[in-house]
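Subject: Structure handover

Hello,

Here is the structure I promised to pass on. Please open it first, then read the notes below.

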Amino acid sequence: MSFQLPWQLRAEFARRLSQMYGREVPAYTTLVEVSEEVNQDCMAAAGTQAERLGSIQRVTAERHGAIRVGSRDEMSQAARVFAAFGMHPVGFYDLRDASASSVPVVSTAFRPIDPEELARNPFRVFTSMLASDDPRFFSEGLQARLSSFIGDRTIFPAELLELADRAAAGEGLPDDEAQQLLELATGAFELSSDPVEHSWYRELEEISAVAADIGGVSTTHINHLTPRVLDIDELYRRMEARGITMIDEVQGPPDWGGPDVLLRQTSFRALDEARVFRFEDGTVGPGDLRVRFGEVEQRGIALTPAGREVYDRMMAEADQRAADQGMTRVEAAQEVWAENLPRTEQELALQGLACFTFRLADGDGPSAARAESPESLSLRQLVQDGTVIPEPIVYEDFLPRSAAGIFQSNLQSAGSRDDALKGTDYSIEVMSEIVGRPVADPYELYLAQQADSVAQLERVLGIPIDPDLGRETTP
């Protein structure tokens with residue numbers, strides 16, 4: 001009997017979800033087709049340089065999904081399901097104050113954390129939990145009704161959770177149990193045909209369309225499934241040319257002519273989907289909801305904490321400049337990026353702004369690197385003189401402002417939030433308690449990968465290396 005390893009389960013899970021979502025939202029299939037066209041054109045134009053942030057095989061297969069759950073129990077159960085596929089909680093995202101619209105959720109992302117696992121299949125699921133205990137959005141009475149409604153439903157059946165726990169503990173499953181796990185897990189994220197209680201859904205929608213999508217229906221579902229593209233601006237143009245309405249702009253960093261950092265995202269606008277409603281008079285009939293959309297992403301280089309501080313300052317400056325000078329946010333951001341960010345990967349590395357692994361330049365053996373300093377070496381000097389080449393580490397995570405911006409761009413109303421009240425405290429520590437396992441800090445993962453690379457370089461050269469890239473060093 002064959003045995004399915006976690007990465008194999010993960011790859012098949014992503015494939016099945018993609019097929020299912022394509023049936024449910026046909027425009028997603030168009031998005032995938034256009035993404036693949038753009039990627040092939042980028043490869044033809046740039047060759048192997050286009051694969052600087054991942055092989056074309058990885059980029060073509062890459063997806064991130066998004067789901068929404070309603071309670072701590074449901075979030076904990078989701079963590080157990082994703083653990084079966086080698087997906088761990090990474091990062092904490094609080095979207096409640098990340099946009100002007102009412103988005104009452106806190107989130108983490110489940111993904112592989114080992115570089116080899118990411119290279120095999122980097123499937124991620126951005127998982128949001130309704131902050132139903134936040135009084136800025138929900139009164140005490142509504143909190144109680146939400147708790148009752150969500151507590152009465154079952155998103156993840158016991159059989160699925162048992163199989164998931166077995167897969168996580170055994171690092172995989174025999175093929176027959178693997179097929180059962182995949183069928184149940186995929187089915188848990190399928191759009192339900194259960195009637196939607198019209199008055200309850202609309203009551204929640206007055207507060208937030210996101211809250212209604214979570215707490216106003218009997219199950220969860222894939223909210224969006226996101227392919228990765230090598231040129232998101234070209235994809236945007238081609239989707240519009242096909243008559244598909246996109247949101248107003250690409251979220252995240254601008255296209256500015258220098259290294260791509262962090263994450264750029266855009267989507268087509270949410271489409272009307274036919275659903276069945278149970279109306280106030282007890283009758284059941286057709287209606288439609290507009291909550292799901294097709295997102296696409298272009299991934300860049302992971303930043304260090306210092307680099308992220310620069311990014312946040314640049315975003316604030318771009319917002320201010322756009323407001324003061326009547327520019328679009330994208331135009332302002334292009335100016336700000338050109339004024340503040342290095343134009344080469346080497347300079348990003350030397351200024352300690354981004355995360356890299358390091359390799360000896362082609363033709364440079366250990367003897368060449370040892371020539372001037374037999375006692376120790378400076379990583380900074382090795383990079384400056386070209387002896388060592390920085391290879392970018394891909395940003396594998398998400399940006400709260402961009403995620404909220406995508407949500408906001410696809411909402412029909414801003415909803416309501418009482419900012420006179422104090423919100424409920426959430427943090428990465430609280431999320432760790434909820435999911436029942438530590439939520440990893442993404443920056444610690446990137447910096448550990450960089451440190452491992454320097455240690456490997458030391459082993460190759462047989463000489464200690466000062467890893468500090470943030471200051472000048474002397475041999």
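This is a predicted model: local features need pLDDT of at least 70, side-chain atom pairs count only at pLDDT 80 or more; totals for chains, interfaces and linings use all residues.

Start with helix H2, residues 26-46. Its 21 residues should span 30 Å at 1.5 Å a residue, and the end C-alpha atoms lie 31 Å apart, which agrees. Its buried residues include Ala-27, Leu-31, Val-34, Val-38 and Cys-42. Just past the helix, Gly-47 has a positive phi of about 65°.

Helix H12 covers residues 305-325. H12 also has 21 residues, and it reaches 30 Å from first C-alpha to last, close to the 30 Å expected. Which residues of H12 are buried? They are Gly-307, Arg-308, Val-310, Tyr-311, Met-314, Met-315, Ala-318, Arg-321 and Ala-322. In general, an α-helix has 3.6 residues a turn, so residues three or four places apart point the same way. On the other side of H12, Glu-309, Arg-313, Ala-323 and Asp-324 are exposed.

**Nonpolar cores**

The largest nonpolar core has 73 residues. Trp-337, Phe-358 and Leu-379 have the most contacts inside it. H12 gives this core its largest share, 6 residues. A second, separate core has 67 residues, among them Leu-17, Val-59, Leu-163 and Phe-268. As a rule, nonpolar side chains in soluble globular proteins tend to be buried together.

Take a look at Phe-358. Beyond its neighbours within four places in sequence, Phe-358 is in contact with residues including Leu-379, Val-383, Ile-389, Pro-390, Leu-457 and Leu-469.

**Arg-96**

Is Arg-96 buried or exposed? It is buried, because its relative accessible area is 3% and the cut-off for buried is under 20%. Arg-96 sits in the loop between strand S3 (88-94) and strand S4 (105-111). Its side chain makes a polar contact of 2.8 Å with that of Asp-134. Leaving aside neighbours within four places in sequence, the contacts of Arg-96 include Val-103, Pro-104, Ala-131, Phe-137, Arg-417 and Tyr-426.

**Strands and sheets**

An open sheet is formed by 3 strands in the order S7-S10-S11, with mixed pairing. S7 and strand S11 (284-289) are the edge strands, each pairing on one side only. Strand S10 (residues 273-278) pairs with S11 in the antiparallel sense over 6 bridges. One detail to check there: Val-276 has Pro-286 as its bridge partner in S11.

Val-196 belongs to strand S7 (residues 196-197). Val-196 is buried, with a relative accessible area of 2%. Between Val-196 and Phe-277 there are 81 residues of separation in sequence, but the C-alpha atoms are 4.6 Å apart in space. Apart from neighbours within four places, Val-196 is in contact with Tyr-201, Gly-216, Val-217, Arg-275, Val-276, Phe-277 and Arg-278.

Strand S8 (residues 224-227) is covered on both faces. His-224 and Thr-226 are buried on one side, Leu-225 and Pro-227 on the other. S8 runs antiparallel to strand S2 (residues 63-69), and 4 bridges join the two. Ala-66 has His-224 as its bridge partner in S8.

Most residues other than glycine have a negative phi. Glu-171 is not a glycine, yet its phi is positive, about 55°. Leu-262 is not a glycine either, and has a positive phi of about 55°.

Where are they? Glu-171 is in the loop between helix H7 (158-170) and strand S6 (173-174). Leu-262 is in the loop between helix H11 (232-241) and strand S9 (263-268). Their surroundings are worth a look. Glu-171 counts as exposed, because its relative accessibility is 57% and the cut-off for exposed is over 50%. Leu-262 counts as buried, at 0% relative accessibility.

Best wishes

How values were computed. Residues are numbered from 1 along each chain as its sequence is written. Side-chain values use heavy atoms; hydrogens and water are left out. Buried means under 20% relative accessible area, exposed over 50%, partly exposed in between (1.4 Å probe, protein chains only). A polar contact is a pair of N or O atoms within 3.5 Å; within protein, one must be able to donate a hydrogen and the other to accept it, and residues adjacent in sequence count only if both atoms are side-chain atoms. Contact means heavy atoms within 4.5 Å. The expected span of a helix is 1.5 Å times one less than its number of residues. A nonpolar core is a set of buried Ala, Val, Leu, Ile, Met, Phe, Trp, Tyr and Cys residues joined through side-chain atoms within 4.5 Å. Two strands pair if DSSP finds at least two bridges between them.
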